[in-house]
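Hi,

Here is the structure I promised to pass on. Have a look first, and my notes follow below.

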Amino acid sequence: MITAAMVKELRERTGCGMMDCKNALVEAGGDLEKAIEVLRSKGLAKAAKKAGRVASEGLVEAYIHLGGRIGVLVEVNCETDFVAKTNEFKQLCRDIAMQIAAARPEFVTRDEVSPEIIEREKRILRQQALNEGKPEKVIEKMVEGRMEKYFKENCLLEQVFIKDQDKTIQEVVNEYIVRLGENITVRRFARFEVGEGIEKKSVE
C-alpha cells in the first residue's frame with residue numbers, strides 16, 4: 001500500500017510532483033530507492049539537482065484582473081536570458097501572477113514568515129482551541145496542524161494551483177525546471193486591490 005507519508009518523503013527527496021511520486025512508488029512496488037530510480041529515468045528528479053544553481057535572469061510579469069480592481073507584479077527568475085524569452089517561461093510567469101491575484105498569498109515561502117507573525121498566529125490558534133473546549137494535552141498538536149494549514153494558505157509556493165488542484169505552485173515550478181533545464185525561482189511579488197486597507201465611511 002502506498003501511503004501519503006511515502007509520497008511526501010519521495011517528494012521531499014526529489015522535488016517531483018505528487019502524482020509523479022505516487023505513480024513511481026506504484027511502479028516500484030513501494031520501494032523508495034527504486035521509485036527514485038524510476039523518476040530519474042524519466043528525467044523528473046532533475047529539478048531537485050538544479051535547485052542550487054544561480055537564477056539571476058527572468059521576467060517581471062504584470063497581471064490586471066477584474067476590470068482594473070486587482071493588479072499583480074511578480075518577479076520570476078531563471079538562469080539565462082534565452083529561457084526568459086521562451087513562451088513556456090512567460091506562461092509560467094503569467095500563471096503565477098494569476099495565482100497571486102486569485103489566492104492572495106502573503107509570502108513566497110514559509111521562510112519569509114517572521115517569528116513574530118508565527119507567534120501571533122499560534123497565540124490566536126491556541127485561544128481558539130481553548131474556546132472550543134479542547135483538552136490542554138492536544139492543543140499543541142492542534143496548533144501545529146493548523147499552522148501547517150496557515151502556511152499552505154498564505155505561502156505562494158505551498159498553495160494549491162488554481163488551474164490544477166492536484167499540484168502546488170512549487171510542483172508546477174519544478175515541472176518547468178525539468179522542461180526548460182534551468183533552475184527557476186519566484187523572488188518576490190506585490191498584489192494591489194482597489195480600496196484595500198481603506199476604511200469605508202458608513203452611510204447613516
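Why does Val 60 count as exposed? Because its relative accessibility is 58%, and exposed means over 50% relative accessible area, buried under 20%, and partly exposed in between (1.4 Å probe, protein chains only). Before you go further: this is a predicted model, where local features need pLDDT of at least 70 and side-chain atom pairs count only at pLDDT 80 or more, while totals for chains, interfaces and linings use all residues. Residues are numbered from 1 along each chain as its sequence is written, and side-chain values use heavy atoms, with hydrogens and water left out.

Val 60 sits in strand 1 (residues 57–65); helices (H or I, at least four residues) and strands (E, at least two) are DSSP runs, numbered from the N terminus.

On cysteines, the whole structure has zero disulfides (pairs of cysteine sulfur atoms within 2.5 Å). For Cys 78, the closest cysteine sulfur is in Cys 93, 7.7 Å away, so too far for a bond. Cys 78 is also buried, at 0% relative accessible area, and Cys 21 is buried with a value of 0%.

Cheers
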